[in-house]
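Colleague: I would like to go through this model with you, one feature at a time. Where should we begin?

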Amino acid sequence: MGKKKKFRISDKMYYWLMVLPAIILVFLFNTRTWPGILAAFQDFIPVKGWYGSKWVGLRNFRVFFMQPNSFGIIRNTLVMAVGKIISVQCMAIAFALMINEVRNARLKKLIQTFTYLPHFVSWVIFATILKSFLGTDGMINMALNSLGLEKFSFLGTPSLFQPLMIITETIKEFGWAAIIYLSAITGIDPGLYEAAEVDGARRWQQTLHVTIPGIRYMIVIQAVLHLGSILNAGFDQIFNMYNTLVMSRADIIDTWVYRQGIVSMNYGVGTAVGLLKGVIALILTAAAYWAADKFADYKIF
Amino acid sequence: MKKKMTVGHMTIIVVLILLAIICLYPIWYMLICSVSDKVYVEAGRVRLLPKGINFTSYQRILGDELYFSSFWVSVRRVIAGCTLNLTLLILTAYPMCLPQKKFPPARYIKWFFMANMLFNGGLIPSYVLMRQYGLFDSFWALILPGAVPLWNLVLMVNFFRNIPYELNESVTIDGGNPLQILFQIYVPLSKPSLACMFLFQFVGHWNSYFDGLMYINDRAKQPLQTYIYQLSVQIDFSKMDASQIMALLQTSNKTLESAKVFVALIPILCIYPFIQKYFTTGMTMGAVKG
């Protein structure tokens, strides 16, 4: 018995043993990717490794900016990312305000159940479904055909691609994005509505003068926090929906990096562009959190 | 309190119901296509209700070995992945939530995790690293890179901090070790947030396809979402000759594809009612101040 007591592991030892597995895994699979960014400045060849590959300075970055479509890729990324943020958030706010007016609890629950569901469906599946609507032999074209109209390639028309991405993203995500506004609405003091009613405010006037000012704080925070993702145009969605016909309007930074780096095995160029995007995104995210903390006292960490 | 419904109110309800239908319809459409007769589906005549109901496409799935092996990979991945994620979350969050004096290195460990959360080498370095580790075509390539969900770890630590530290002492007096404290006090008290995290990890694992596409070439070892991705996306007509395209068009079968997609949706649909309870928790937990 006495011997056993001697070998009792100290609490500190326990703590170390508890955090160690996570530290090791994070180190192996995340920290160890950091030296990999050196490949951005190399003509990287995997068998030669980071020590044996030739240094090429900024050539990999130049490869991206010298190619004819680089401006188009950046524009596509920004247009789709910003378009999606604005569209999804506006729709979410409108939806939250509308559903707040539904008094029948069961109907409210039912609508919420259905509108949140698409968020949990993967883009692989959602894209497959959308193609079965919009494809050249999809339902819509078959309906057009039976009316005696020409078939129309929705997914093969470059000018339609970006609006389509923004609309489908909105359908998939608006319900989910509304939750945060709904919880902000629940937090509004009911006394304010009573006071407004005493003053003779109608329902829509209450929305205008009580609800909207009540969630203005949350709208500002969401807008600021999304600043960090204006370079994320949604890889999964575009990767699953694009094709060679619409490349000029569909290609974004992430898809370009994937094709260059993994498919064509230009590791150096892929890493360089990925790094550039990562650094800009990091600065934007840091700025967004700093701003949210400073102006709205919103802390995450 | 009961008032007469105004026109505005009615409009809102109609708009909301329309939105709900738009959100549900894609999934409904897969279901009705999968149980309809192929001829009606391909003519675009199946729109609201199934026509010529039959289950041949489901019978054909039963005979598709590749589909089943992928399904099985996904099931194993969800089980192994969620178990590992949750175990690591619980174990790591506890020492991190203690008062500064009890475990001083926690400060530096926190910075380590934060740095890793904010910065990752990116797509290509991860790919090269996985190749160096020899994890290509391995089941573990799907599990290990995301084994520690760092963002959830931050939430978990914040949650544990809200549990009064005094509760620790009731166990230490009885001679309990930190693991006992964790599993007798912290885990039971945080069941709701653990359930919430489990469900979101479940969905994450079930839905991911990209790691399967990058790290696994053997089609029998790819998860189900990667299988479905290959079904529709990877058909590259430019690399085929006319006869191949013709053959493909003849075998392309919308009812079968719908059945495959619908079966892949079933686990999500099954777990969805349970997730619902945690929607607000899941979305607003990030706002809890540490």
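Colleague: In which helix is Leu231(B) found?

Modeller: This is a predicted model, so every reading here is a reading of a prediction. Leu231(B) sits in helix α12 of chain B, which covers residues 224–232.

Colleague: Is Leu231(B) buried, exposed or partly exposed?

Modeller: The count of surrounding C-beta atoms decides, with 20 or more needed for a buried residue and 12 or fewer for an exposed one. Leu231(B) has 17 C-beta neighbours inside 10 Å, so the residue counts as partly exposed. Beyond residues up to four places away in sequence, Leu231(B) touches Glu257(B) and Lys260(B). As for Ile268(B), 37 residues apart from Leu231(B) along the chain, the two C-alpha atoms are separated by 20 Å.

Colleague: Where is Asn177(B) placed?

Modeller: Asn177(B) belongs to the loop between α8 (166–173) and α9 (178–189) of chain B. Because 15 other C-beta atoms lie within 10 Å, Asn177(B) is partly exposed.

Colleague: How many helices and strands does chain B have?

Modeller: Chain B has 15 helices and zero strands. Of its 290 residues, 35% count as buried. For contacts in chain B between residues at least 6 apart in sequence, 72% join residues at least 24 apart.

Colleague: Into which domains is chain B divided?

Modeller: There are domain 1 (7–54) and domain 2 (61–287) of chain B. Where they touch, nine residues of domain 1 are in contact with eight residues of domain 2. On the domain 1 side, α1 and α2 (38–42) of chain B each supply at least two residues, and α1(B) gives the most, with five residues. By class, that side of domain 1 divides into five nonpolar, two polar and two charged residues.

Colleague: Which residues touch the most other members of the largest nonpolar core?

Modeller: They are Ala92(A), Ala96(A), Ile125(A), Tyr181(A) and Ala93(B), in a core of 133 residues. Domain 1 (7–54) and domain 2 (61–287) of chain B both give residues to this core, so the core lies between them. Leaving aside neighbours within four places in sequence, Ala93(B) is in contact with Leu153(B), Met156(B), Val157(B) and Phe160(B).

Colleague: How should I read the contact of chain A with chain B?

Modeller: The size of an interface is often given as the accessible area lost when the parts come together. Here I can give residue counts: 73 residues from chain B and 69 residues from chain A take part. Helix α1 (residues 7–34) of chain B provides the largest share of the chain B side, 15 residues. That side has 50 nonpolar, 19 polar and four charged residues. The model scores ipTM 0.88 and pTM 0.89.

Colleague: Where in chain B is confidence lowest, and where is it highest?

Modeller: Where pLDDT is low, the predicted coordinates should not be read in detail. In chain B the lowest confidence is in helix α13 (residues 242–251), at a mean of 56, and the highest is in helix α4 (residues 65–97), at 95. Over the chain, the mean pLDDT is 86, with 87% of residues at 70 or more.

Colleague: Over which residues of chain B does pLDDT stay under 50?

Modeller: Over residues 286–290, for which the model has eight contacts beyond four places in sequence.

Methods: Residues numbered from 1 in each chain as written. Chains lettered and ligands numbered in written order. Predicted model: local features only at pLDDT ≥ 70, side-chain atom pairs only at ≥ 80, totals over all residues. Contact = placed C-beta atoms within 7 Å. Helix = DSSP H or I, 4+ residues; strand = E, 2+ residues; numbered from the N terminus. Nonpolar A, V, L, I, M, F, W, Y, C, P; charged D, E, K, R; others polar. Domains from an automatic or database assignment. Core = buried A, V, L, I, M, F, W, Y, C linked by C-beta atoms within 7 Å. pLDDT = per-residue confidence, 0-100.
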